[in-house]
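Subject: Structure handover

Hello,

Here is the structure for your work. My notes on it follow below.

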Amino acid sequence: MPLPWLRMLVASAAAMVLTGTSAVATAATPHTDGPAASVHTAGRVKAAGDMLRYSWPGVYFEGRIRGTGVGVVLDDPAADYDVQVDGATVATLVTPGRTTHWVNGLRDGVHTVRLVKRNDTPWSTSAFGGFVAAPGGAVLARPAARGRQIEFVGDSLTAGYGNLSTSRDCDGEQLKRTTDADVSYGALTARRLRADYQLNAYSGLGMVRNYNGGSPDVTYRTFYDRALLNVPGDVWQNPGTWRPGLVVVHLGTNDFSTPVGPGEPWTDESLAAAYRSAYSGFLHKLRTRYGPGTTLVAVGAGPFAGHVKQVVEERAGAGDRRVRYWPLDDTGLDHTGCHWHYSASDHRLLADRLTAFLHDLPIRW
């Protein structure tokens, strides 16, 4: 059946809007030991003085404070965020810029606070300066890391592109406001498995060909190693704490969702062959990076499902005992997100199916 496919993400300027109770922008000083010492994150971040810098969608920071209020120190002109206190979202920050956002009026006591980047803004670098306590309070030791780790590799379908939209027709501003990586299938699956996670997703890019043949000089693989997506040559340095027991790869939609154009250097056959070769090489890279104990799950859907299955079968036949093929079942998906992407309901359904599939795998957490 015909499949609904994506459009390239288009950046557009956004105004600063703060929503939620007790929101006041003021100056504040972050924790004196720097944010890295007082927050937990599993995302790809780079320390830069008293700030942590990052680019990928879904990056989150978790902390603990004692007192009646918490400030969130940010410098980000492009991305949107949710602020969560004790498990409930208390504010959504839209392109906050350089500010400290305060949540006041909390019960005097110990609180957990979580900040999560909602959307993908690969043209910009985000910066977080930590959590600060209201006068009379204190920033406490950071929460412990979870015992499980999952890395999700993908495109806009993994990023949560337009998943909160009430219409398939979205302009650039609507797309930004209705994208929420925190309710994507990856984030939902990780929470159900009580795992820390990375969402290394980049809208519009494919394994060897991008959506509609655009930007032919780069592919997803150009950016995979980076922490800062808009910094050419940047390489994320794993601090040694990121050792995922599971990596889920969902790439191929952009490679095959549009017909090869007359100016592109592909035939259908050469594109398929190049895709399989690059996919196999990418899985080899993941295997080399994370070792033989990590389970690799390759997702197949639509016109690229057979190619992914072939790559997995070849790797398994060559002795890779921890690579698996997951045929994505799109039965019941409504694709009512922006530009026919997964809706929030679709993401929940896919998280159900992926969680059930993973339950039967011998993953070494």
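In which loop is the place of Arg194? Arg194 sits between helix 4 (185–192) and strand 14 (195–201). Please keep in mind that this is a predicted model.

Two residues with positive phi

Arg194 has a phi near 55°, a positive value in a residue other than glycine. Most residues other than glycine have a negative phi. With a relative accessible area of 69%, Arg194 is above the 50% cut-off and therefore counts as exposed.

Asp86 is another non-glycine residue with a positive phi, and its value is near 55°. Asp86 belongs to the loop that runs between strand 7 (80–85) and strand 8 (88–94). Its relative accessible area is 42%, so Asp86 is classed as partly exposed.

A buried histidine

His341 is in the loop between strand 17 (323–327) and helix 9 (344–359). The relative accessible area of His341 is 1%, under the 20% cut-off, so this residue counts as buried. Which backbone oxygen lies 2.9 Å from a polar atom of the His341 side chain? That oxygen belongs to Cys338. The backbone oxygen of His339 also lies 3.3 Å from a polar atom of the side chain of His341.

The annotated span

In an unreviewed entry, UniProt lists residues 42–143 as "domain: Carbohydrate esterase 2 N-terminal". In the model, this span is 60% strand and 0% helix.

The chain as a whole

The chain holds 17 strands and 9 helices. Its radius of gyration is 20 Å; a compact globule of 365 residues would have a value near 21 Å, so the chain agrees with that expectation. Along the principal axes, the C-alpha atoms fill a box of roughly 65 × 45 × 40 Å.

Of the 365 residues in the chain, 56% are buried. Among contacts in the chain with a separation of 6 or more, 77% are between residues 24 or more positions apart. The chain exposes about 14800 Å², and carbon and sulfur atoms supply 53% of that area.

Regards

Definitions and conventions
Residues numbered from 1 in each chain as written. Predicted model: local features only at pLDDT ≥ 70, side-chain atom pairs only at ≥ 80, totals over all residues. Heavy atoms only, no water. Helix = DSSP H or I, 4+ residues; strand = E, 2+ residues; numbered from the N terminus. Buried < 20%, exposed > 50% of the residue type's maximum accessible area, 1.4 Å probe, protein only. Polar contact = N/O pair within 3.5 Å; in protein donor to acceptor, adjacent residues only side chain to side chain. UniProt positions renumbered as here; feature names shortened; annotations may be inferred. Rg over C-alpha atoms; globule rule 2.2 N^0.38 Å. Contact = heavy atoms within 4.5 Å. Areas by Shrake-Rupley, 256 points an atom, 1.4 Å probe, with all protein chains shown as cover.
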